[in-house]
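Subject: Structure handover

Hello,

Here is the structure for your files. My notes on what turned up in it follow below.

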Amino acid sequence: MNETFYHTPVMLGEVMDELRVRENGIYFDGTLGGGGHSLAIMKVGGRVIATDLDKDAIAYAGSRFEREGMGGRYTLVRDNFKNFTEIVDRLGIGAIDGAILDLGVSSRQLDDGARGFSYRYDAELDMRMDDRAALTAEDIVNDWPAEKLTELLYKYGEESFAHRIVSAIERERGKHRIKTTGELASIISSAVPYRKGGHPAKKTFQALRIQVNDELGGLGEAAEAIARRLIKGGRLCVLTFHSLEDRIIKNTFRLLSTDCICDKSIPICVCGHKAETKLLKAVRASGKELSENNRSHSATLRAVEKL
């Protein structure tokens, strides 16, 4: 795998500041990608358990870590980070010192036109992070009923022109099967008026990618499970890149960091809920990074510390 496909992770310095890596501490990197976070953790003395669904990421990161002399300091698992509990139980690990989740699609996946994630390249409508999965973007675009497809664009793309886009898709798929990203992007561009803030197909592609990879399903529960396996003082850091995933993480962290969750109309606490973590201040990218890395513009770093 060409190393130029991988980029320095967004807000790497800020993530490392929040994690406060301990010598020989055990850290979970749930979204391995090119291995940037894991490598940074190992370079300052941590040990890493890292997961990714993408076989290319697993292969590349393993090779990269060996070249960097990190043999014996990491365990790579091709799995979904949402299976965190099963993964660490299988490895015989009771508690971890910290964790990082860098959510969303990786820069490499976007830049690899053949994967079908981007409207900038003409490729098969795939969008699977895990090529073992059955559902593809082509299946959704061509086989889902119009009503269900419209709901998807509203829900996961927050697309105000969902009805117009789906009507255009329906007309085209009635003639032939829509098979490529270029074809779909063209259909959307013809249906949506010009607007600031990116390509007309951006929100539709986001919605399809989220659905294909079930990115939001179980996200909050996974963050809870990871936070509960932290040692005292350990931290979970999560980088989000759009409002849907950020809302889930924000609400999950708030709940984990709140004592009473009773209805405010009740005069005394009856829930018995106790805070398990301390909520840390959300961080955005620095001005320097914003000028150098376009992906950082939508990034928010949220973190909690185990009490």
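K288 counts as exposed, because its relative accessibility is 58% and the cut-off for exposed is over 50%. The residue sits in helix α13, which covers residues 287-292. Between the C-alpha atoms of K288 and K148 there are 42 Å, with the two residues 140 apart along the chain. Please keep in mind that this is a predicted model.

Now the sheet. Seven strands make up an open sheet with mixed pairing, in the order β3-β2-β1-β4-β5-β7-β6. The edges are taken by β3 (74-77) and β6 (277-279); each has a single partner strand, so one side of each has no neighbour in the sheet. From one strand to the next, the twist averages 15 degrees. Within the sheet, β1 (residues 26-29) and β4 (residues 96-102) are paired in the parallel sense, over three bridges. In this part of the sheet, D29 is opposite I100 of β4.

M11 has phi near 55 degrees and belongs to the segment before α1. With 0% relative accessibility, M11 counts as buried. N24 has phi near 65 degrees and is in the loop between α1 and β1. Its relative accessibility is 41%, so N24 counts as partly exposed.

Next, the helix pairs.

α1 and α2: the axis of α1 comes within 11 Å of that of α2 (residues 36-43), and the two cross at roughly 50 degrees. This angle makes α1 oblique to α2, and the crossing is right-handed. On the α1 side the contact uses L12, V15, M16 and L19; on the α2 side it uses G36, H37, A40 and I41. By class, the contact of α1 with α2 holds six nonpolar and two polar residues, and no charged ones.

α9 and α10: helix α9 (residues 181-191) packs against helix α10 (residues 202-213) at about 130 degrees, and the axes are 10 Å apart. That makes α9 oblique to α10; the angle does not count as roughly antiparallel, because that class needs over 145 degrees. T181, L184, A185 and I188 of α9 meet T204, F205 and L208 of α10. Five of the residues in the contact of α9 with α10 are nonpolar, two are polar and none is charged.

α11 and α12: what angle do α11 and α12 pack at? The angle between α11 (residues 219-228) and α12 (residues 243-256) is about 40 degrees, with 9 Å between the axes. Again the result is oblique, this time for α11 to α12. Helix α11 passes α12 in a right-handed crossing. From α11, the contact involves L219, G220, A223, E224, A227 and R228, and from α12 it involves E245, I248, I249, T252, F253, L255 and L256. The contact of α11 with α12 has three charged residues, along with eight nonpolar and two polar.

Regards

Note on methods: Residues are numbered from 1 along each chain as its sequence is written. This is a predicted model: local features need pLDDT of at least 70, side-chain atom pairs count only at pLDDT 80 or more; totals for chains, interfaces and linings use all residues. Side-chain values use heavy atoms; hydrogens and water are left out. Axes are lines fitted to C-alpha atoms, for helices over the stretch in contact, and angles run from 0 to 180 degrees between N-to-C directions. Helices (H or I, at least four residues) and strands (E, at least two) are DSSP runs, numbered from the N terminus. Angles under 35 degrees count as roughly parallel, over 145 as roughly antiparallel, 65 to 115 as roughly perpendicular and the rest as oblique. A crossing is left-handed if the near helix is turned anticlockwise from the far one by less than a right angle, and right-handed if clockwise. Contact means heavy atoms within 4.5 Å. Ala, Val, Leu, Ile, Met, Phe, Trp, Tyr, Cys and Pro count as nonpolar, Asp, Glu, Lys and Arg as charged, and the others, Gly among them, as polar. Two strands pair if DSSP finds at least two bridges between them. Buried means under 20% relative accessible area, exposed over 50%, partly exposed in between (1.4 Å probe, protein chains only).
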